[in-house]
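Reader: I would like to learn how to read the features of a structure like this one. Please take them one at a time, the general idea first and then the case at hand.

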Amino acid sequence: MELYLLLIIVAVVFVTFAAILRRYKRCPSDKILVIYGKTGKNKEGSISSARCIHGGASFVWPVFQNFAFLDLKPISIECNLTNALSKQNIRVDVPCRFTVGISTEPDSMTNAAERLLGLSIENIQNIATDILFGQLRLVIATMDIEEINSDRDKFLANVSTNVEAELRKIGLKLINVNVTDIRDESGYIEALGKEAAAKAINDAKKSVAEQNRFGEIGKAEADRDKDIRIAETSRDTRIKTAAANALAVEGENNSKISIANSDALRREKEAEAARIAVAAEKVQAAKALEEAYKSERDAELARAERENATMQANVVVPAQIEKEKAIIDAEAEAEKIRRMAKGEADAIYAKMDAQARGALEILSKQAQGFNQMVAAAAGDPQKAVLMLIADKLPELVKTQVEAVKGIKIDKVTVWDGNGSKDGKTSTANFISGLMGSVPPLEDLFKMAGMNLPSYLKGENADEQPAAAPKEEE
């Protein structure tokens, strides 16, 4: 029993120690350990939202605390800024590449823990890109194009100052800025480069001309010194030799001629250099004017496109809308007509169906009545028909009477034919013929496939045929 108790105590101690070891977290050198939850108070005395550790370790209390890591790996962001407005109201394109990363400063780490914890690298890159674009436009708006193009150090310093202040608010820091090339849509920077190149060429040509001039002057001075020395030497011996005097005079003249030639050559070179410089200036002015005309042409083309788009939006689009509206109205009217026609057809169908049902009901009731009459006549259809005819007999007699009722006998003129073979007069024949023209009841019954009862024919009972003897059972 004591052994079991000892084993239980050892197991509990081991599990507790293992749990403590699992909650002791070490921070790698390329990450920041962020402990959040109940972390106590900061230096200002307020409740801290998180505790950040870089390059160390800490115990994370279970239940009360939890932890996460922030990656310190650099993030490269390409910001190809286009159409940024400079201080001179000239739009420029400034392609840049920034390298940023999460800062390890205490305040910046806290900002990063509050704003970037749990975000992916793509989300952090998108947030930083928005900040970089905004600050880059702000810096360009405060500088001239000459400063941006020539003084890159100042431009990068301004960008770093503005960008770092904004990135520090979300816990990031700027590691590097690289500006590749700056272009403007009006060609101003290119014109500056051409102007600088032309100026350098003109300065080089001017320097060459000056060096040539100095060489000619030195040569002339050397010749003059030589002639002076010759003249001084020959002055003592002038009396002795006239030829030396003549030679000295000739040397002086040659020296003057050389000086004059040198001056003429110098003036020619200077004029040539001035002509080239003026031509270069005019060429640059013409190119600048050409660029200006090209920009005005592009502006006019853009304005024409805008007016065309405006006309398209104001005229074509409303017309298209009206057309589609007319089509929709026509389809709606056609659908209305179709629905009305379908409703009328359904009404006619319902009416005809009701009439058919009524006729069927009448015929069904008549059939039931006929069946009852046959049943009342002991199952003999002939007797049932006689009963039906007896019921309709007053109407049949009335119909026969109506046939001759409207004849006015007093208005009838009969031409006497001097009697007939049977002894009857023409008037009597007319009346009998008239009555004969009315179908008798017996003929009507025969036309219906039946026989008129004998008592309706007026026959005597004696003349009636004897009933058939009943068969013995």
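Author: Start with burial: a residue is buried under 20% relative accessible area, exposed over 50% and partly exposed in between, using a 1.4 Å probe and protein chains only. The model is predicted, so local features need pLDDT of at least 70 and side-chain atom pairs count only at pLDDT 80 or more, while totals for chains, interfaces and linings use all residues. Residues are numbered from 1 along each chain as its sequence is written, and side-chain values use heavy atoms, with hydrogens and water left out.

Reader: Is Cys-96 buried or exposed?

Author: Cys-96 counts as buried because its relative accessible area is 2%. Cys-79 is buried as well, at 0% relative accessibility. Over the protein chain, buried residues make up 19% of the 473 residues.

Reader: How many disulfides does a search of the whole structure find?

Author: A disulfide is a covalent bond between the sulfur atoms of two cysteines. The criterion used here is a pair of cysteine sulfur atoms within 2.5 Å. The search of the whole structure finds zero.

Reader: How are the helices and strands assigned, and how many are in the protein chain?

Author: Both are DSSP runs, numbered from the N terminus: helices are H or I with at least four residues, strands are E with at least two. The protein chain has eleven helices and nine strands.

Reader: Which strands does β7 pair with, and how is pairing decided?

Author: Two strands pair if DSSP finds at least two bridges between them. Strand β6 (residues 75-85) is joined to β7 by nine bridges, and the two run antiparallel. In that pairing, Ile-77 has Phe-98 of β7 as its bridge partner. Seven antiparallel bridges join β7 to strand β8 (residues 172-179), where Asn-176 stands opposite Thr-99. Strand β7 itself (residues 91-102) is mostly covered, with nine of its twelve residues buried.

Reader: What lies between β6 and β7?

Author: The two strands form a hairpin with five residues between them, and Asn-89 in the turn has a positive phi of about 60 degrees.

Reader: Which strands form the open sheet, and in what order?

Author: The order is β3-β2-β5, with antiparallel pairing. The edge strands, each pairing on one side only, are β3 (50-53) and β5 (65-71). For angles, axes are lines fitted to C-alpha atoms, for helices over the stretch in contact, and the values run from 0 to 180 degrees between N-to-C directions. Neighbouring strands of this sheet are turned by 25 degrees against each other on average, direction ignored. Strand β2 (residues 31-37) is joined to β3 by four bridges, and Tyr-36 stands opposite Ala-50 in β3.

Reader: Which helix lies across β2, β3 and β5?

Author: Helix α2 (residues 106-115) does, running at about 125 degrees to β3. Contact, here and below, means heavy atoms within 4.5 Å.

Reader: Which residues have the most contacts inside the largest nonpolar core?

Author: A nonpolar core is a set of buried Ala, Val, Leu, Ile, Met, Phe, Trp, Tyr and Cys residues joined through side-chain atoms within 4.5 Å. The largest has 42 residues, and Phe-98, Ile-140, Phe-155 and Leu-167 have the most contacts inside it. Helix α3 gives the most to this core, with seven residues. Apart from it lies another core of five residues, including Leu-33 and Ile-53. As for Phe-155, the residues it touches beyond four places in sequence include Val-94, Leu-136 and Val-179.

Reader: How many aromatic pairs does a search of the whole structure find?

Author: Rings of Phe, Tyr and Trp (its six-membered ring) pair if their centres lie within 6.5 Å; planes under 30 degrees apart count as stacked, over 60 as edge-to-face and the rest as tilted. The search finds one pair. Phe-67 and Phe-69 form this edge-to-face pair, at 5.9 Å centre to centre with 80 degrees between the planes. Phe-67 is partly exposed at 23% relative accessibility, and Phe-69 is partly exposed at 34%.
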